[in-house]
Amino acid sequence: SLKLFTDRQTAISSHLEGVRALFVQRFSKDFLFLRRSLSAANPVPRKSKLFGGEKAFLNLMVKSVEKRLFAVNIRAQQAFGAHGEENSPRILSAGADLVSAITPVVLAYGDVWQTFQGVEIKYGPLHPLVHLSKHLLKDLDELLPPGFMERYELTRYPHIVRYIRAMALRFERAAVDSEKDRAKTERVAPFVDWCRTQGGKKDEHSFGKKMALEDFFWLLEEFKVSVFAQELGTAVPVSEKRLKQKMESIDRMS
């Protein structure tokens, strides 16, 4: 049956998903081999449970490769054939690239997740670090949401590892000087609160505003690095002034 969409971007997204599904069907044997290859190559199976289990993690990896190679805006049979011929030989190498990129992320995530989860057992429920650990666990969830492998380019992963390391350093320093951490948190909190409030309204936003909020989220992660773990460096210049300017610009968008 014919399905009509109320906006162009939703229609394009649906089309890309349809094209991806056609290519997956066309190269079903190649993707079956990819699945087996990824299952054998997964160097962090014990950490996979943090992402829904080994099977769910494997599904995420396969879907990521599918989308990276075949979620394309093609509308002609000739173009479909040419794209498939060019990219089908890349299926296995794309899987290997993903494993290489995602492994440091999963290892870093698993280490800090285990640390934060164990705080209450180690120190007791009233220890000041318990509140911080819960706060950082929420940050981790936002950094790597469900389906993150479909959303993020591979070039994003080294930065995510840096953000996770910044969380670990923040936690270590807060254990030594909680007052200093509290003062730094006050600098970051208004931007975090604004970002989360806007994220809760994302269904109301235009595509352009959603993309602007995505950019703001990553800029905020860089700001956290500059505040809590400056020695790790930032990928772009960032300051409170720049964040405020971005907020004002986004607030003006429909």
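How do the residues lining the largest pocket divide into nonpolar, polar and charged? I took this to the model, which is a predicted one.

**Entry 1: largest pocket**

I looked up the volume first. The largest pocket holds about 1500 Å³. I then asked what sits at its centre. Of the 38 lining residues, Arg151, Lys202, Lys210, Met211 and Glu214 are the closest to the centre.

Next I checked which elements build the lining. Helix 1 (8–26), helix 3 (54–70), helix 8 (148–151), helix 10 (178–199) and helix 11 (207–228) each give two or more residues. Helix 11 gives the most, with ten residues.

Back to my opening question. I found 15 charged, 14 nonpolar and nine polar residues in this lining.

**Entry 2: second largest pocket**

I moved on to the second largest pocket. Its space comes to about 270 Å³.

Which residues line it? I listed Pro128, Leu129, His131, Leu132 and His135, then Arg170 and Ala174, and finally Ser178, Asp181, Arg182 and Thr185. The elements that give two or more residues to this lining are helix 7 (128–143), helix 9 (157–176) and helix 10. Helix 7 supplies the largest share, five residues.

I sorted this lining by class as well. I noted four nonpolar, four polar and three charged residues.

**Entry 3: the two together**

I compared the element lists.

Methods
Residues are numbered from 1 along each chain as its sequence is written. This is a predicted model: local features need pLDDT of at least 70, side-chain atom pairs count only at pLDDT 80 or more; totals for chains, interfaces and linings use all residues. Side-chain values use heavy atoms; hydrogens and water are left out. On a 1 Å grid over the protein atoms alone, a cavity is a set of points where a 1.4 Å probe fits but cannot get out, and a pocket is an open set with protein on both sides within 12 Å along at least five of seven lines; lining residues have an atom within 4 Å of a point. Grid points are joined across faces, edges and corners, and a volume is the space filled by probe spheres set on the points. Helices (H or I, at least four residues) and strands (E, at least two) are DSSP runs, numbered from the N terminus. Ala, Val, Leu, Ile, Met, Phe, Trp, Tyr, Cys and Pro count as nonpolar, Asp, Glu, Lys and Arg as charged, and the others, Gly among them, as polar.
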